[in-house]
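Here is a short tour for someone meeting this structure for the first time. Have a look at the sequence and the 3D view, then read on.

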Amino acid sequence: MVSNVARSGWAALACLAAALSLAACSTSATNSSAGSKTASGPPLVIGVSMSLSGDFATLANPALKGYKLWASTVNAKGGLLGRKVSLKIVDDASNPTQVVTNYENLITADRVNLVFGPFSSLLTVPAATIAKRFGYAFIEPSGGAPQVFALHLHNLFLAQPAPIVSSGDAFANYILSLPTAQRPRTAAYPSADDPFTQAIVGEIRQRLQAAGIKTVYSTTYAAETVDLSPVVTRLVAAKPDLLVSGTGGADAVAEVKGMVQAHFTPKFVFFTGGPNDPTFPAQVGPANAEGIFSTGDWFPQAKTAGNAAFEKAYVAKYGGTAARIDPAAAEAFACGQLLELVAQRYGKVDNATIISALHHGTWPTVEGNLSWNADGSPRGSDIVVQWVHGQLLPVYPTAQALTKPIAKPAWAG
Amino acid sequence: MHLFVQATIVGILFGGVYALIASGQAIIFGVTRTVNFAQAIFTILCAYLSYTLFTDFGIDPFLSILVLVPAMFAFGIGIYVLLLRRLSRSGAELGLLVLYGLGIGIQGVLDFVYKTNNRVITPGYANNSWTVAGYQIPEVRFFAFLLAVAVLGTLQLIRQRTKLGRALRATTQNPVASRLLGVDVERISAIGMGLGVAAAGAAGGVFGMILPFNGNTQYDLLSKLLSIAVLGGLLSMPGTIVAAVILGVVESVVAATISPDWSAFSFLVVLFAVLIIRPQGLFGRRLRGAL
């Protein structure tokens, strides 16, 4: 008995010690922003709930890097209005309930000066509502779904050029900009059963159909489907000139493989997701990626405000190459740039000033020149990108293009 | 008609891979009376290992099977000896939970090591196909089907023509009587577990060439394996093979000719219809004393 009691006591002490150690690690991790050589005054603490674990952990990691990169960059320049920027980052485990708790704690217990948004629309919706309740500005990098803007929150600003559902508009514009003889006559529209991809594909289809481009195949498949051979079989039988496919990544790869095996090359191939992944050429074969279209909010060679410095700093801090930078990092970095701009223009960065300021004018960031509607949805448009000679390059609109679109070559096998 | 035949070809070819994975599950159920909830993640584990062998060492995925199969055979025996043998007297339910937990644990390790990005193995011939009478035969699927036929044929030969096979079948039919007749049931069960996991190893090597995969792929695959097990009869190897091919064909044909939305549902309709007519599955037998 004595032995058991003693063992329980040691176990409890061990647990307590472990918990204290973890708490100490957590505290040190949250206060580990780069120091400033010249900043004075109390630090400007910005609270962020990020998905450090759970389903979004891997996807959210580039956004986390973007936030940290901006903090270290601005601190190296002396901070914001002479105050060192300190990020207080807490884990929401990709959970909508936890994200609410996190922002409540950040605002009421930690009394952070400002907050930035979490990763994903799923978490942005509840988080933005909390920020609104406490009068905090809510600049966020990735909540672009219609549900976010349906909240009609005046304090919310998505740091991207366009809402997700509008990201196909630029491609529809491109197709409709072609001379009639060069336009596709028929089109196929398979899509994963996903609110984002379906909305994007539906928007493109509506516009192209109205312009006389005949729909020869349209279907949806469960988002988790990886064996797309039946879809490709049907697609090949329909022989469309244009393929507009609502894909998330793996399904784009599967469709390409299926079309290669069937020796069928549409004249135009557009995927909503997949081609923007730097590993896409490796997955489908580099030559097969050639000529495939997608759209994006950011690309490595963009001539947007501060982009060259951002890329240089990113590669210096995290290694790799500019071509491997995930757009989510640029989106998070742009959130910080917006704060810097408000500070420069207004000389203060309190929440009321930020909210009021961002609703007026245009704000140049790595994501382009941003402006917003009253509900926080951006007013701009995404960019059409295409794999050209082994690089994913912007090809439309012309003003932002680095090269002209190329004709889709036949699959290389 | 062309669409129907093309979809049937694709369905049969991939049905062979399903059959290979599911047959391993049937062997394991036979000797342990435990539905192996980790069979899908074993397949994904081997897909990852094959991916690493190909990308880091340039070993062709079909050749990597020569490494994966013995390794997974030993792994299967290890699982039985370390986990299932100790639980064999506590009921099959506990073994099921342990295997389910093992599957989650392996997925966690895979997600940590490989991250959750989708992977696909792309050797030079991955996108090749033959055109035969106007129909496309993807090379990888065709060779995967041949592999499945070869492995299943070998397994069937072992089961029917060897002393080990007789012991396996006897243990499957009645472990108590087998023990009374001198069969070392624990040893046979360990070997059966090894063979079942090795089948997943053979399939995993080619799975990653046909479909993109990550750790989460196990759940979709597991749901198909369970459906195949129910349709074919948990203890029947021929039933498992036929059910796997039916699954492949029904899903492919319905998805191509009607809609992908209806493909999984259509298979469930076939499953329910068979279970109403033959509750023990296509090739299953009613257990003595069953209600």
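## Helices H3 and H4 of chain A

The axes of H3(A) and H4(A) come within 9 Å and cross at roughly 30 degrees. An angle under 35 degrees counts as roughly parallel, so that is the label H3(A) and H4(A) get relative to each other. Their crossing is right-handed. Keep in mind as you look around that this is a predicted model.

Who does the touching here? On the H3(A) side, the contact is made by A:Pro96, A:Val99, A:Val100, A:Tyr103, A:Glu104 and A:Ile107. H4(A) brings A:Leu122, A:Leu123, A:Pro126, A:Ala127, A:Ile130, A:Ala131 and A:Arg133. Sorted by class, the contact of H3(A) with H4(A) has 11 nonpolar residues, 2 charged ones and no polar ones.

What is the distance between the closest N and O atoms of A:Arg133 and A:Glu104? They are 3.4 Å apart, and the two residues form a salt bridge. This pair ties together distant parts of the chain: A:Arg133 sits in helix H4 (residues 121-133) of chain A and A:Glu104 in helix H3 of chain A, 29 residues apart.

As a general point, side chains of opposite charge can pair when their charged atoms come close. Over all chains, the count comes to 4 salt bridges.

## Helices H6 and H7 of chain A

Further along chain A, helix H6 (residues 169-177) packs with helix H7 (residues 195-210) at an angle of about 20 degrees, their axes being 9 Å apart. H6(A) and H7(A) are therefore roughly parallel to each other. H6(A) passes H7(A) in a right-handed crossing.

From H6(A), the contact takes in A:Asp169, A:Phe171, A:Ala172, A:Asn173, A:Ile175 and A:Leu176. From H7(A) come A:Glu203, A:Ile204, A:Arg207 and A:Leu208. The residues of this contact split into 6 nonpolar, 1 polar and 3 charged.

## Over to chain B

In chain B, helix H2 (residues 39-57) meets helix H8 (residues 185-210) at an angle of about 50 degrees, with their axes 7 Å apart. That angle makes H2(B) oblique to H8(B). The crossing of H2(B) and H8(B) is right-handed.

By class, the contact of H2(B) with H8(B) holds 8 nonpolar and 8 polar residues, with no charged ones.

## Where the chains meet

How many residues of each chain take part when chain A and chain B come into contact? The tally is 26 residues of chain A and 33 residues of chain B. Between them, the two chains bury about 2300 Å², with 54% of it on carbon and sulfur atoms.

On the chain A side, A:Val226, A:Lys257 and A:Gln261 lose the most area to chain B, together 25% of what that side buries. As for salt bridges across the interface of chain A and chain B, the rule finds 0.

## Two backbone details in chain A

Which kind of peptide bond runs from A:Tyr396 to A:Pro397, cis or trans? This one is cis, with omega near 0 degrees. You will find A:Pro397 in the segment after strand E14 (391-396) of chain A.

The other detail is A:Ser94, which has a positive phi of about 60 degrees although it is not a glycine. Look for A:Ser94 in the loop between strand E2 (85-91) and helix H3 (96-109) of chain A.

Note on methods
Residues are numbered from 1 along each chain as its sequence is written. Chains are lettered from A and ligands numbered from 1 in the order in which they are written. This is a predicted model: local features need pLDDT of at least 70, side-chain atom pairs count only at pLDDT 80 or more; totals for chains, interfaces and linings use all residues. Side-chain values use heavy atoms; hydrogens and water are left out. Axes are lines fitted to C-alpha atoms, for helices over the stretch in contact, and angles run from 0 to 180 degrees between N-to-C directions. Helices (H or I, at least four residues) and strands (E, at least two) are DSSP runs, numbered from the N terminus. Angles under 35 degrees count as roughly parallel, over 145 as roughly antiparallel, 65 to 115 as roughly perpendicular and the rest as oblique. A crossing is left-handed if the near helix is turned anticlockwise from the far one by less than a right angle, and right-handed if clockwise. Ala, Val, Leu, Ile, Met, Phe, Trp, Tyr, Cys and Pro count as nonpolar, Asp, Glu, Lys and Arg as charged, and the others, Gly among them, as polar. Contact means heavy atoms within 4.5 Å. Buried area is the accessible area (1.4 Å probe) that two parts lose on being put together, summed over both. A salt bridge is a side-chain nitrogen of Lys or Arg within 4 Å of a carboxyl oxygen of Asp or Glu.
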